[in-house]
Amino acid sequence: MLLRRVVGNSMQPSLHSGDYIICKKARHLKIGDIVVAEVNKREVIKRITNIEKEYITLQGDNAPYSTDSRVYGPVAQNSIKAIYLAKLRIPRFVKNRLSH
């Protein structure tokens, strides 16, 4: 299991900046999955929009605010690190302490 923090607005309305998400190791990928991928040595959280033999196309739900496969092209399947499972509900007072 992985815990990741969403940064930026590219996945709104599904995920918002500051949300914490729980993910599991990527195994069976399908179109529509939200994933954590490594792109240009950075982790990104995006939705799978197309799957080809060795490559996957990623896109943010909030396209005008997303840097995704439309910019960096399809990514190798092995760059997908995890699949989104759930949003973690963290009380505001705890979230404020985590962000400092």
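Reader: What pattern does the protein chain follow when read along the sequence?

Author: The order is β-β-β-β-β-α-β-β-α, from two helices and seven strands. Helices are DSSP runs of H or I with at least four residues, strands are runs of E with at least two, and both are numbered from the N terminus. The model is predicted: local features need pLDDT of at least 70, side-chain atom pairs count only at pLDDT 80 or more, and totals for chains, interfaces and linings use all residues. Residues are numbered from 1 along each chain as its sequence is written, and side-chain values use heavy atoms, with hydrogens and water left out.

Reader: What makes Val35 buried or exposed?

Author: Buried means under 20% relative accessible area, exposed means over 50%, and partly exposed lies in between (1.4 Å probe, protein chains only). Val35, in strand E3, has a relative accessible area of 0%, so Val35 is buried. Its contacts (heavy atoms within 4.5 Å), not counting residues up to four places away in sequence, include Leu29, Val44, Leu58 and Ile83. Across the protein chain, 34% of the 100 residues count as buried.

Reader: Which class do Ser79 and Asn9 fall into?

Author: Ser79, in the loop between strand E6 (75–76) and strand E7 (80–88), has 10% relative accessibility and therefore counts as buried. Leaving out residues up to four places away in sequence, Ser79 touches Val36, Ala37 and Glu38. Asn9 lies in the loop between E1 and strand E2 (20–25); its relative accessible area is 36%, so Asn9 is partly exposed. Beyond four places in sequence, Asn9 is in contact with Ser17, Asn62 and Tyr65.

Reader: What is said of the phi of Asn40 and of Lys41?

Author: Most residues other than glycine have a negative phi, and most peptide bonds are trans. Asn40 is not a glycine, yet has a positive phi of about 50°. Lys41 is not a glycine either, and its phi is positive at about 65°. Asn40 counts as exposed at 65% relative accessibility, and Lys41 is exposed at 79%.

Reader: What is the peptide bond from Gln12 to Pro13, cis or trans?

Author: That bond is cis, with omega near 10°. Pro13 belongs to the loop between E1 and E2.

Reader: What makes a space a pocket or a cavity?

Author: On a 1 Å grid over the protein atoms alone, a cavity is a set of points where a 1.4 Å probe fits but cannot get out, while a pocket is an open set with protein on both sides within 12 Å along at least five of seven lines. Points join across faces, edges and corners, and a volume is the space filled by probe spheres set on them. The largest pocket holds about 390 Å³.

Reader: Which residues line the largest pocket?

Author: Lining residues have an atom within 4 Å of a point. There are 20, with Val7, Arg42, Glu43, Val44 and Ile45 nearest the centre. E4 gives the most, with five residues.
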